[in-house]
Amino acid sequence: MVNNKPAPEITPTLDELKAQERRLVFRQFTYDDAWTLGSLLVGLAREREAPVAIDIHRSGQQLFHAALPGSSPDNDAWIARKRRVVERYGSASYLVGAEFRAKGTTFEESSRLDPDEYAAHGGSFPITVEGVGVIGSVTVSGLPQLEDHRFVVEALEEFLQKG
């Protein structure tokens, strides 16, 4: 008998997630960089027919937004909730959720933040500039949370390798 079940996803460790944040740092982040990164994400999403919405914010200003076929207004609400986690904690939304889970609890149970305003689910990643710190976020919503996180990380790695 053939087993057609997909292999289970390997969840990254806290150390792996923290290493991603240390590695994925920009020298600068301009309006043009936001356009280029956003366009890269749109291109990857179109290739995969991923039903996602994409958002890039810097210093409280939305610099890029795209909604692809299959996405919905709910994805924009998720983007806002995940982005607020990055803004508050200065870390990827997936990492924040994983840190709560590692303590044997959940973000929703223990953060004391309104779950209608904050979501520590994968898909929002800090835009960190060397010597400055976190200045914004890039966020994807529409896939399962680990896939959203990995999708953003993959695009950041590709963008920074070209830079």
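1. G142 sits in the loop that links strand β5 (133-141) to helix α6. This is a place in a predicted model, and the points below should be read with that in mind.

2. Is G142 buried, partly exposed or exposed? Its relative accessibility is 32%. Buried would require a value under 20% and exposed a value over 50%, so G142 counts as partly exposed.

3. Which residues does G142 touch, leaving aside those up to four places away in sequence? They are P51, V52, N75 and D148. A further distance can be checked on the structure: the C-alpha atom of G142 lies 8.4 Å from that of S72, although the two residues are 70 apart along the chain.

4. Helix α6 covers residues 145-162, and it packs against helix α1, residues 14-23. The angle between the two helices is about 30°, and their axes are 11 Å apart. The crossing of α1 past α6 is left-handed.

5. On the α1 side, the contact is made by L17, Q20 and R23. On the α6 side, H149, V153 and E157 take part. Sorted by class, the residues of this contact are two nonpolar, two polar and two charged.

6. The mean pLDDT of the chain is 95, and 94% of its residues reach 70 or more. Residues 1-7 are another matter: pLDDT stays under 50 there, and the model gives this stretch zero contacts beyond four places in sequence. Where pLDDT is low, predicted coordinates should not be read in detail.

Methods: Residues numbered from 1 in each chain as written. Predicted model: local features only at pLDDT ≥ 70, side-chain atom pairs only at ≥ 80, totals over all residues. Heavy atoms only, no water. pLDDT = per-residue confidence, 0-100. Contact = heavy atoms within 4.5 Å. Axes fitted to C-alpha atoms, helices over the stretch in contact; angles between N-to-C directions. Helix = DSSP H or I, 4+ residues; strand = E, 2+ residues; numbered from the N terminus. Left-handed = near helix turned anticlockwise from the far one by under 90°. Nonpolar A, V, L, I, M, F, W, Y, C, P; charged D, E, K, R; others polar. Buried < 20%, exposed > 50% of the residue type's maximum accessible area, 1.4 Å probe, protein only.
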